[in-house]
Amino acid sequence: MRRHIAAPDFNKKWGEWQRSLDRIEEELHKLYFARGMFERLDKHLKVRNSLLSIYSQNTYVVYLAMGIRRLIDRAPEAQSLYRLLEDIRGNACQISVENYAQYMFKKKKHNERINDSSGKTANQKRVLIESYQKEERKLARRAFREALGNRVQSLCCCDVEDDIKKIEEGPKKGIKKLADKCWAHMDKKKPIKIKFHQAHKDFGLLINIYNKYSLLTAGRKLELDDNTLFSGWDGPFRMP
């Protein structure tokens, strides 16, 4: 039975989601960096040393698979993307433009900052509060529009169900199964195989799902700037 959060728990629940998103974002960053380094290294290693290329491929695919396995872990104690979606599914009615604006207004401490400001009358403070609230609603509508489409004001649990289904039909059946049977455990059956493009497709799906719910509850997406992440990565290869 799904439990919907009561009004007093509203800010607490959104705070929990923020902390989960931070942990998930950290994991996604690590995997994205590993993917980028592998793709760049592999081009050099295939030319210079086939044994190193094989080692690089084997190491990378294990790292990626185990990382995706962590992201879609269903264990109750896991802080994973899958567990976050399950929690949001049970409380989808709380994710709306209005609630987003209220949470961000409180998180950014607009009210405290205005009340602490000296030299302002009560009416001036009220006008400032209304202005900040209006701005937060504007930012909320922008985030919801990017995540869900035009004129959508709230999240439907069916949207979350669809995303959970995508994970179950993609990464869970593919690369997670590979991680379970080949690296987390020594399976008796013949090892399954998966191609790099499928593994990367599964990883891309998780990034897209993360971005969607991060927009809806935090107003941000994963920042992935290749120019910054991989600046000067090939320095050792250019040394004489």
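**Exercise 1.** In this predicted model, determine how the lining of the largest pocket divides by class into nonpolar, polar and charged residues.

*Solution.* Step 1: list the lining. The residues are Arg 23, Ile 24, Glu 26, Glu 27, Lys 30, Arg 70, Leu 71, Asp 73, Ala 78, Gln 79 and Ser 80.

Step 1: assign the classes. Ile 24, Leu 71 and Ala 78 belong to the nonpolar class. Gln 79 and Ser 80 belong to the polar class. Arg 23, Glu 26, Glu 27, Lys 30, Arg 70 and Asp 73 belong to the charged class.

Step 2: The lining comprises 3 nonpolar, 2 polar and 6 charged residues.

**Exercise 2.** Identify which helices each supply at least two residues of the lining of the largest pocket, and which element gives the largest share.

*Solution.* Step 1: the helices that meet the criterion are H1 (10-48) and H2 (50-71).

Step 1: H1 provides the largest share, with 5 residues. Among the lining residues, Arg 23 and Lys 30 fall within the range 10-48 of H1.

Step 2: the space in this pocket amounts to about 210 Å³.

**Exercise 3.** Describe the second largest pocket by its volume, its lining and the elements that contribute to that lining.

*Solution.* Step 1: the volume is about 160 Å³.

Step 1: the lining consists of 13 residues, and Tyr 100, Leu 139, Ala 143, Gly 219 and Arg 220 lie nearest the centre of the pocket. Helices H4 (97-107), H6 (122-148) and H9 (196-218) each give two or more residues to this lining.

Step 2: the largest share, 5 residues, comes from H6. By class, the lining holds 6 nonpolar, 1 polar and 6 charged residues.

Terms used:
Residues numbered from 1 in each chain as written. Predicted model: local features only at pLDDT ≥ 70, side-chain atom pairs only at ≥ 80, totals over all residues. Heavy atoms only, no water. 1 Å grid on protein atoms, 1.4 Å probe; cavity = no way out; pocket = protein on both sides within 12 Å on 5 of 7 lines; lining within 4 Å. Points joined across faces, edges and corners; volume = space filled by probe spheres on them. Helix = DSSP H or I, 4+ residues; strand = E, 2+ residues; numbered from the N terminus.
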